[in-house]
Amino acid sequence: MKVHRLGDKAGKRLAMTLGTAALALLLGACSPRQMIVGGLADELASQGQGDENDLDLLRDAAPFHLKLSESVLRRDPGHAALAESVAAGFTQYAYAFVAFEAEQVEARNARAAERLRQRAAKLYERAHRHAMAALEKAQPGFAAQLAQPGDTLRLRPEQAGLAYWAAASWGGWISLSKDDPDIVADLPLAVRLTQRAWAADPEWGQGSLTSLLGTFEAARPGGSQQMALAYFDRAIAQSGGRSAGALLAKAEGHAQPAGDKELFARLLRQALAIKDDAGSPLTTQNEVMRRRARWLQEKIDDLF
């Protein structure tokens, strides 16, 4: 999972671009303005470094960056890289901060937890709509074709990331909307979209895409637990054992439903033992998942 971060050099470049963009708003000609907006979109899309390990700093900084990125995307809706960045950012923020906080406060304040879940659901929906709009713009009729049973929809490898975030945010939205049958009914479409992304680039995200397939397979009605386990194990292998997210996906998607407390605890320990290399793109994702692993360790006797 990539989380957006503005480093010192990137921040200076962004500040310069923002200044130029402000001047562009004074120009009457559309073409120069669009050139500036396009440059700003490129700069914002490039900020997903994923190597920040201060989650409090990320939580404080993310809203401004997301709102700015979303504003620029509305001016340049065909910018696929920025659409992927925005969809990723809203999905990650919803999962790492809002939905996780809801889980933490549930036992002592159910009403507050419900408010947080509703907010997280809206953030997931927002992410999903941005990603789907970009896929639709690149391929008119995309959503309608996805909805056709036995469709022959194909994605290009460079679209795998955008499709991943469309599907991941869809899954988060569905999981928090169990009282809305119309949203829950879209689960097969989210699964199908993930499968199309995986067909385009099965190695995307160092196992993230494969792990999502496992999560969907384990969760969907009639899903194969054996197939889900195969996906989880492949995701761990694709990451070279360096992804805490892949390990937690197996713990929560396989070990917990199977009632295997020993395996669950072992996977949590493995996730916590991961040491990130300097500048690793998995650093932020791993820090988020290590925090979750520590919380799950505290709850393990309640879960089994």
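Helix α12 is mostly covered, with 11 of its 15 residues buried (buried means under 20% relative accessible area, exposed over 50%, and partly exposed in between, with a 1.4 Å probe and protein chains only). Helices here are DSSP runs of H or I with at least four residues, strands are runs of E with at least two, and both are numbered from the N terminus. The model is a predicted one, in which local features need pLDDT of at least 70 and side-chain atom pairs pLDDT 80 or more, while totals for chains, interfaces and linings use all residues. Numbering starts from 1 along each chain as its sequence is written, and side-chain values use heavy atoms, leaving out hydrogens and water.

The covered part of α12 runs from A244 through A251 and picks up again with G253, H254 and A255. These buried residues pack against α10, α11 (225-238), α13 (261-273) and α14 (283-303). Helix α12 spans residues 244-258 and reaches 20 Å from its first C-alpha to its last, close to the 21 Å expected at 1.5 Å a residue (the expected span being 1.5 Å times one less than the number of residues). There is still a kink of about 30 degrees, centred on A251; the bend at a residue is the angle between axes fitted to the seven residues ending there and the seven starting there. Just after α12 comes G259, with a positive phi of about 75 degrees.

Stepping back, the chain has 14 helices and zero strands. Of its 304 residues, 50% count as buried. Among contacts (heavy atoms within 4.5 Å) with a separation of 6 or more, 67% join residues 24 or more positions apart.

The largest nonpolar core takes in 84 residues, and L155, W170 and L193 have the most contacts inside it. Such a core is a set of buried Ala, Val, Leu, Ile, Met, Phe, Trp, Tyr and Cys residues joined through side-chain atoms within 4.5 Å. Helix α4 (residues 80-105) gives the most to this core, namely 15 residues. Like α12, α4 is mostly covered: 20 of its 26 residues are buried. The ends of α4 sit 37 Å apart by C-alpha, which agrees with the 38 Å its length should span, and a kink of about 35 degrees is centred on A94. As for W170, its partners beyond four places away in sequence are H128, L146, D186, L189, A190 and L193. Q148 belongs to the loop between α6 (142-146) and α7 (160-175) and is partly exposed at 46% relative accessible area.

Six aromatic pairs turn up in the structure. Rings of Phe, Tyr and Trp (its six-membered ring) pair if their centres lie within 6.5 Å; planes under 30 degrees apart are stacked, over 60 edge-to-face, and the rest tilted. In one, the centres of Y164 and W204 are 4.7 Å apart and the planes at 35 degrees, so the pair is tilted. The pair links distant parts of the chain, with Y164 in helix α7 and W204, 40 residues away, in the loop between α9 (187-200) and α10 (208-219). Y164 is buried at 11% relative accessible area, and W204 is buried at 14%. Ring pairs also bring in W165, making a cluster of Y164, W165 and W204.

The loop between α9 and α10 also holds Q206, a residue other than glycine whose phi is positive, near 50 degrees. Most residues other than glycine have a negative phi. Q206 is partly exposed, at 29% relative accessible area.
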